[in-house]
Amino acid sequence: MPTPLSTAAQVAKALHDAADPIEEAKIRNRVATDEPVIGVRMGTLFDIAKSAVDLPGTELDALFEHPAYEMRLSAFCVLDFRARRNLTSDERAALARIYLDRHDAISTWDMVDRAAPRVLGWPILIGAVDGAVLDELAGAEDPLRRRSAITAPLWFIKKGTSADVERGLAIASTLDGDEHPRVRSAVKIYRKHALSRNASQS
């Protein structure tokens, strides 16, 4: 079993030890030109984040505030791994609050896709977080916030009722005609999964 990581510095070392120039080149294609990249394969990064799932708050903050892509993605992976645990409604709400408070640290679509369904969608589904936050995100200037608005409801498709799925489709409708490709693709993904679920239940 991997050794637990308890500091942001240990996470950074693990990521740098796993750095690969080939992966760095691949990642560079999907991040901003001025965004630092370490170059870590996604599966390896997920394993490192899983080892850091119990990071203290200040150390997790350090990941969110780090300029390197992989450090911040690791932070959102930590949230996702925590959300997979057997948590109380209050604990789920607290995770969602961290996600929303740290949304400015999200610089790529994969950070949204990794965390939004379980970390934000799950507490909304069970009523631990007000679903109105999705409307707020859908109306944001930041396209990655708008992607969060339609990606979080993927959890509704997985675990919710037909009415919950319709809530997500309503968000999709508000994002119709969105000019940003990362938002349009997320809307398409949601509708595809919603259609598949409806077809399987008909």
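The crossing of helix 5 and helix 7 is left-handed, a term used when the near helix is turned anticlockwise from the far one by less than a right angle, with right-handed standing for clockwise. The model is a predicted one, in which local features need pLDDT of at least 70 and side-chain atom pairs count only at pLDDT 80 or more, while totals for chains, interfaces and linings use all residues. Residues are numbered from 1 along each chain as its sequence is written, and side-chain values use heavy atoms, with hydrogens and water left out.

**Overall build**

- The protein has twelve helices and zero strands, where helices (H or I, at least four residues) and strands (E, at least two) are DSSP runs numbered from the N terminus.
- With a radius of gyration of 17 Å, close to the 17 Å that the globule rule gives for 202 residues, the protein is as compact as a globular protein of that length; the radius is taken over C-alpha atoms, and the rule is 2.2 Å times the number of residues to the power 0.38.
- The C-alpha trace of the protein spans about 50 × 35 × 30 Å along its principal axes.
- Of the 202 residues in the protein, 49% are buried, that is, under 20% relative accessible area with a 1.4 Å probe and protein chains only.
- Among contacts (heavy atoms within 4.5 Å) with a separation of 6 or more, 67% join residues 24 or more positions apart.

**Helix 5 with helix 7**

- Helix 5 (residues 69-83) packs against helix 7 (residues 109-125) at an angle of about 25°, with their axes 9 Å apart; axes are lines fitted to C-alpha atoms, for helices over the stretch in contact, and angles run from 0 to 180 degrees between N-to-C directions.
- Helix 5 and helix 7 are therefore roughly parallel to each other, the word for angles under 35 degrees.
- The residues of this contact divide into eleven nonpolar, no polar and five charged, where nonpolar covers Ala, Val, Leu, Ile, Met, Phe, Trp, Tyr, Cys and Pro, charged covers Asp, Glu, Lys and Arg, and polar covers the others, Gly among them.

**Helix 1 with helix 5**

- Helix 1 (residues 8-17) and helix 5 pack at an angle of about 120°, and their axes are 10 Å apart.
- Helix 1 and helix 5 are therefore oblique to each other, which is the class left after angles under 35, over 145 and 65 to 115 degrees are set aside.
- The crossing of helix 1 and helix 5 is right-handed, and the contact is made by Ala8, Val11, Ala12 and Leu15 of helix 1 with Glu70, Met71 and Ser74 of helix 5.

Key. Buried < 20%, exposed > 50% of the residue type's maximum accessible area, 1.4 Å probe, protein only.
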